[in-house]
Amino acid sequence: MEPSPSDVLAGQAVYNRWVLAGYDIGVLGLSCRLVWRCPKAYQLANYQRNVGERHLELGTGTAYFLDHCAFPTQRPEVTLVDLNPTVLRVGAARIARYRPGAVRADVLQPLPFGTGQLAEAGGYDSVGMNFLLHCVPGTWARKGQVFANAAAALRPGGRLFGSTILGAGVAITPLARRLMRLYNSRGIFHNSQDDLDGLREQIDRHFPHARVTVRGCVAVFEASDAPLPARADQPAR
Ligand SMILES: C[S@@+](CC[C@H](N)C(=O)[O-])C[C@H]1O[C@@H](n2cnc3c(N)ncnc32)[C@H](O)[C@@H]1O
């Protein structure tokens with residue numbers, strides 16, 4: 001079933017400038033470590049492994065990870081995509097040194113490649129979608145459009161990477177369960193049906209090579225149409 005427009009809007013509406021001001025400490029610092037049990041260092045490491053020279057970031061928040069990761073060049077070309085104009089303004093200001101493009105769009109719809117500040121389809125070396133999928137409504141089949149957008153954006157051999165908080169199929173502490181229920185009831189999260197198998201299925205549908213690692217109740221993923229480099233801690237499929 002198609003998610004309602006109001007559910008889509010609810011998933012991004014909370015990110016006003018006050019929430020964004022406390023986001024890095026409250027969400028990426030405290031909640032990641034103490035509630036979701038996946039310290040932000042895991043996500044930063046995912047950026048370090050996969051971010052490329054021409055990078056597309058979907059669901060950008062405060063752009064913390066783009067600010068802290070090392071790009072493979074001093075002058076990366078970065079495009080930010082988010083539905084929330086305040087988020088785009090805050091994120092673009094934070095990484096102004098890269099002169100990022102900013103595109104207001106819903107990631108659940110096909111992205112308008114080749115228009116405005118979005119490069120042509122196939123124009124990106126990497127696509128990041130960190131902590132995005134648990135904010136967008138719909139079944140995994142519907143959320144699969146976000147992977148379809150990423151696959152369309154990437155050049156051959158390009159990398160998709162990101163993470164999402166799962167609501168099923170992983171160990172969830174009582175505290176995490178309570179907070180998830182609250183956020184789902186307010187429309188901030190839409191992840192009560194998001195299970196690990198469903199995530200893997202959607203990634204596999206769009207990318208022949210993928211690695212999904214679970215830490216706490218967070219799935220950290222990286223994928224490509226080309227084999228991923230071996231990692232001692234996690235085999236790729
Ligand atoms: C939890 S924040 C994640 C921010 C950042 N990626 C991080 O890891 O810190 C989710 C972001 O996704 C954006 N978002 C939510 N629903 C969206 C949609 N349907 N289309 C585009 N962006 C969306 C929100 O505005 C917000 O910036």
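Tutor: Strands here are DSSP runs of at least two residues, numbered from the N terminus. The model is predicted.

Student: Where is the place of glutamate 222?

Tutor: Glutamate 222 sits in strand E7, which covers residues 218-224.

Student: Is glutamate 222 buried or exposed?

Tutor: Count the C-beta atoms around a residue; 20 or more others within 10 Å make it buried. Glutamate 222 has 25 within 10 Å, so it is buried.

Student: Which residues does glutamate 222 touch, leaving out those up to four places away in sequence?

Tutor: Its contacts are Asn46, Arg49, Asn50, Arg159, Leu160, Phe161, Arg211 and Leu228. Histidine 209 is 13 residues from glutamate 222 along the chain, and their C-alpha atoms are 8.6 Å apart.

Student: How many residues surround the ligand?

Tutor: The shell holds 22 residues, and the closest are Gln12, Gly59, Gly61, Leu83 and Asn130. Two elements, helix H1 (5-13) and helix H4 (64-68), each give two or more residues to this shell. H1 supplies the largest share, three residues.

Student: What is the shell like by class?

Tutor: It has 13 nonpolar, seven polar and two charged residues.

Student: Which loop holds arginine 99?

Tutor: Arginine 99 lies in the loop between helix H5 (85-94) and strand E3 (101-104). Its phi is positive, about 50 degrees, although it is not a glycine. A residue with 12 or fewer C-beta neighbours is exposed. Arginine 99 has 11 inside 10 Å, so it counts as exposed.

Student: Is phenylalanine 131 buried or exposed?

Tutor: Phenylalanine 131 counts as buried because it has 21 C-beta neighbours inside 10 Å. Its loop runs between strand E4 (124-130) and helix H6 (140-153).

How values were computed:
Residues are numbered from 1 along each chain as its sequence is written. This is a predicted model: local features need pLDDT of at least 70, side-chain atom pairs count only at pLDDT 80 or more; totals for chains, interfaces and linings use all residues. Helices (H or I, at least four residues) and strands (E, at least two) are DSSP runs, numbered from the N terminus. Two residues are in contact if their C-beta atoms, placed from the backbone, lie within 7 Å. A residue is near a molecule or strand if its C-beta atom, placed from the backbone, lies within 6 Å of it. Ala, Val, Leu, Ile, Met, Phe, Trp, Tyr, Cys and Pro count as nonpolar, Asp, Glu, Lys and Arg as charged, and the others, Gly among them, as polar.
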